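I opened this model to look up a few things and note them down. The entries follow in the order in which I checked them.

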2 protein chains.
Amino acid sequence: MAESARPTSRDVARQAGVSQATVSLVLGGKWRGRVSERTAEAVRQAAGELDYRPNLAARSLRLGRTRTALLVVPALTHEYFARVYAGAARVAEENGFGVVLYPSPEGIGPARDPFGSARAAIDGVIASSMAADALAGIGDGGLPLVMLDSGPGAPDGPPTVDLAVADGIRQVVRHLLGLGHRTITHIASDVDTWTFRIRAQTVREELAGVPGVLLRTERCALDVEPARQAAVRALSAPGPRPTALLCDGDVLAAGACKAARALGLAVPHELSVSGFDDLSLALAVDPELTSVRLPAEEVGAQGMRALLALLSGRPVPPCELPVTLVARGSTAPAP
Amino acid sequence: MAESARPTSRDVARQAGVSQATVSLVLGGKWRGRVSERTAEAVRQAAGELDYRPNLAARSLRLGRTRTALLVVPALTHEYFARVYAGAARVAEENGFGVVLYPSPEGIGPARDPFGSARAAIDGVIASSMAADALAGIGDGGLPLVMLDSGPGAPDGPPTVDLAVADGIRQVVRHLLGLGHRTITHIASDVDTWTFRIRAQTVREELAGVPGVLLRTERCALDVEPARQAAVRALSAPGPRPTALLCDGDVLAAGACKAARALGLAVPHELSVSGFDDLSLALAVDPELTSVRLPAEEVGAQGMRALLALLSGRPVPPCELPVTLVARGSTAPAP
DNA sequence: TCCGGGAAGTTGTACGTATAACGTGACGGT
DNA sequence: ACCGTCACGTTATACGTACAACTTCCCGGA
């Protein structure tokens with residue numbers, strides 16, 4: 001009981017009266033036809049009594065694989081990425097894998113390098129919402145790579161998991177058009193990643209052919225205060241005042257609502273505001289935000305499944321997950 | 001270039017014309033007086049040319065230490081814990097350590113066990129906001145343990161890092177009293193951890209001796225909707241209606257604000273609402289929340305420093321970090 | 001001349017695991 | 001009686017590293 005050193009497979013072997021190799025066979029699961037049921041049971045019991053846990057460092061060294069994936073996200077304080085992590089971690093755990101995080105707005109590569117100092121021997125990388133060049137030398141650097149929220153890649157490139165962002169934007173646009181809005185300002189993120197480029201592009205495309213529509217754009221950083229300022233600009237710009245602000249995220253929408261109230265405009269009756277992401281924030285503000293629900297956990301889960309498939313050499317079809325508009329109190333018929 | 005196998009210290013040795021041991025000495029940093037500067041430089045250059053990275057599994061196996069810490073948090077989607085992680089990860093990286101996360105509302109122990117399936121060989125554990133029994137058999141199980149946000153422990157128990165939560169609550173209470181509020185309802189979390197027990201206790205203590213004060217309590221789960229319902233109960237309870245809701249967190253405060261608006265009460269002029277934690281949410285809602293700023297990153301950073309000290313046998317004094325009230329638009333003089 | 005001793009490396013080994021390669025009886029067919 | 005086969009294990013080895021112990025060379029003092 002006072003033996004502080006952790007038991008090894010050799011200790012288990014001694015206890016069970018067999019060789020270390022037999023312990024490894026039994027506990028490794030591949031003993032069919034190599035070890036009798038009686039011996040196997042004795043080994044399992046000995047392992048239980050000693051509370052044996054295999055030394056993962058030794059196993060990794062022997063196998064050359066670590067059963068650990070690296071998840072690169074721009075920032076963990078954004079709820080979306082915390083949920084992506086949760087999904088990835090769940091699938092990983094189900095498969096005996098671990099996930100180590102690397103939050104970095106700039107991605108990884110020669111400059112920011114999680115492999116040297118930040119350590120962690122890695123079997124593969126899952127990267128979310130990264131610019132293509134933020135992963136320089138990873139995909140082709142021999143390390144399996146899966147990309148999330150980065151758009152459909154080349155067929156021979158890394159596997160991808162994407163959200164139907166364009167479809168989500170289309171739903172928002174049609175929702176606003178259906179409510180009679182014709183003067184709309186897009187409060188857009190200034191982050192240059194696929195997900196935001198496709199949002200801007202889809203907004204333009206969907207409103208292009210509609211008669212009588214006036215679309216403008218205000219770009220700002222992904223935070224409440226910049227969004228508030230952008231919304232103030234949008235609402236005090238010359239020309240007809242927008243009746244709806246289509247925001248690239250719930251955080252931006254919250255900022256837009258603050259601006260509206262400061263300017264004496266009632267949301268939603270004088271100004272409709274739509275969000276995106278459907279974070280818990282959407283239900284925390286008043287009125288609740290019309291938003292687009294993203295299956296964040298599922299993105300992480302599918303990303304991990306893709307990586308596992310990649311590691312076992314199975315083919316990985318690209319994957320696009322559906323999103324759904326959730327209409328709430330922040331949007332209403334145009335005045 | 002086409003050699004996909006990663007170079008080992010032996011490859012570096014061959015390239016530099018020395019033995020593997022010399023490479024290890026030089027790259028390990030402890031070569032003063034054992035290896036000439038010229039040879040050392042040759043080794044470093046060879047390592048650079050081959051882009052050599054030590055195999056961490058082998059190093060861990062050899063040293064018996066993994067230079068990895070486990071951070072246990074109740075939930076990663078709560079911004080506070082994401083920030084704690086960020087602080088811990090920063091200090092870890094500065095010291096060549098890694099951090100692996102284990103989000104679990106129930107803590108770890110025989111039941112939920114991150115060491116078997118969830119893998120990750122660990123040198124120590126940092127646990128945040130855990131009930132004492134949620135860590136059964138870790139601290140005394142031979143694994144170094146640091147506890148965050150769990151209150152001052154026994155002098156011979158695990159090191160602790162705490163926030164001056166009681167002081168924060170005192171500041172809030174005095175702020176509300178100073179604004180003339182005398183009928184106050186405490187919207188309290190129903191989570192039974194030290195941080196919430198101390199909040200409830202401090203609210204009672206601070207208001208106990210004040211003449212004319214009527215304190216009531218509504219308890220609810222840590223989410224917007226439960227908080228909204230609790231606030232509705234508080235505001236429609238028999239007896240004098242509270243002029244202030246003192247909430248255990250910003251999330252609860254957001255729910256309280258929704259309730260107020262639904263009942264036609266203007267915040268802050270007819271009802272003051274105070275939050276806690278000072279999450280980004282505090283600035284996202286309207287009006288901005290009066291809250292208590294917690295140095296979350298610093299909690300994580302100090303926790304990691306404490307663990308590092310513990311691992312090198314240095315004494316670890318308990319640590320309490322100050323918090324500050326941030327008065328904003330959600331509190332105003334009592335009507 | 002001989003020896004002590006330090007500088008500069010090298011040789012050898014162990015960490016704990018997974019698995020390839022190799023026994024070793026027993027049994028059964030011819 | 002002899003050999004092949006099968007069931008059940010065991011022995012030996014390699015993974016890449018860090019470090020203890022050992023060698024080698026050279027220089028200075030007696």
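In chain A I looked up 34 positive and 35 negative charges, and their mean positions are 5 Å apart. Lys and Arg count as positive, Asp and Glu as negative, while His and the chain ends are not counted. Each charge is placed at NZ of Lys, CZ of Arg, CG of Asp or CD of Glu.

Ground rules. The model is predicted, with local features needing pLDDT of at least 70 and side-chain atom pairs pLDDT 80 or more, whereas totals for chains, interfaces and linings use all residues. Residues are numbered from 1 along each chain as its sequence is written, chains are lettered from A and ligands numbered from 1 in the order written, and side-chain values use heavy atoms, without hydrogens or water.

Chain A, overall. I noted 11 helices and 12 strands; these are DSSP runs numbered from the N terminus, helices being H or I of at least four residues and strands E of at least two. The radius of gyration is 26 Å, well over the 20 Å that the globule rule gives for 335 residues, so chain A is more spread out than a compact globule. That radius is taken over C-alpha atoms, and the rule is 2.2 Å times the number of residues to the power 0.38. The C-alpha trace spans about 85 × 40 × 35 Å along its principal axes. Of the 335 residues, 52% count as buried (under 20% relative accessible area; exposed is over 50%, partly exposed in between, with a 1.4 Å probe and protein chains only).

The annotated span. I took "domain: HTH lacI-type" from the UniProt annotation, an unreviewed entry, which covers residues 7–63 of chain A. Such annotations may be inferred rather than shown by experiment; positions are in the numbering used here and feature names are shortened. The span is 68% helix and 0% strand, and its end C-alpha atoms lie 20 Å apart.

A:Arg67. This residue sits in the loop between helix H4 (56–63) and strand S1 (68–73) of chain A.

B:Asp149 and B:Thr160. B:Asp149 also has a positive phi of about 55 degrees without being a glycine. B:Asp149 lies in the loop between strand S4 (145–148) and S5 of chain B, and counts as buried at 4% relative accessibility. B:Thr160 is in strand S5 (residues 160–163) and is buried at 8%. Beyond four places in sequence, B:Thr160 has contacts (heavy atoms within 4.5 Å) that include B:Met147, B:Pro318 and B:Cys319.

B:Leu308. I found this residue in helix H11 (residues 296–311) of chain B, buried at 13% relative accessible area. Not counting residues up to four places away, B:Leu308 touches B:Val91, B:Asn95, B:Phe97 and B:Arg314. B:Val326 is 18 residues from B:Leu308 in sequence but 33 Å away, C-alpha to C-alpha.

Cis peptides. Where did I find cis peptide bonds? One joins A:Asp286 and A:Pro287, with omega about 5 degrees; A:Pro287 is in the loop between helix H10 (281–284) and strand S10 (291–293) of chain A. Another joins B:Val267 and B:Pro268, with omega about 10 degrees; B:Pro268 is in the loop between helix H9 (250–262) and strand S9 (272–274) of chain B.
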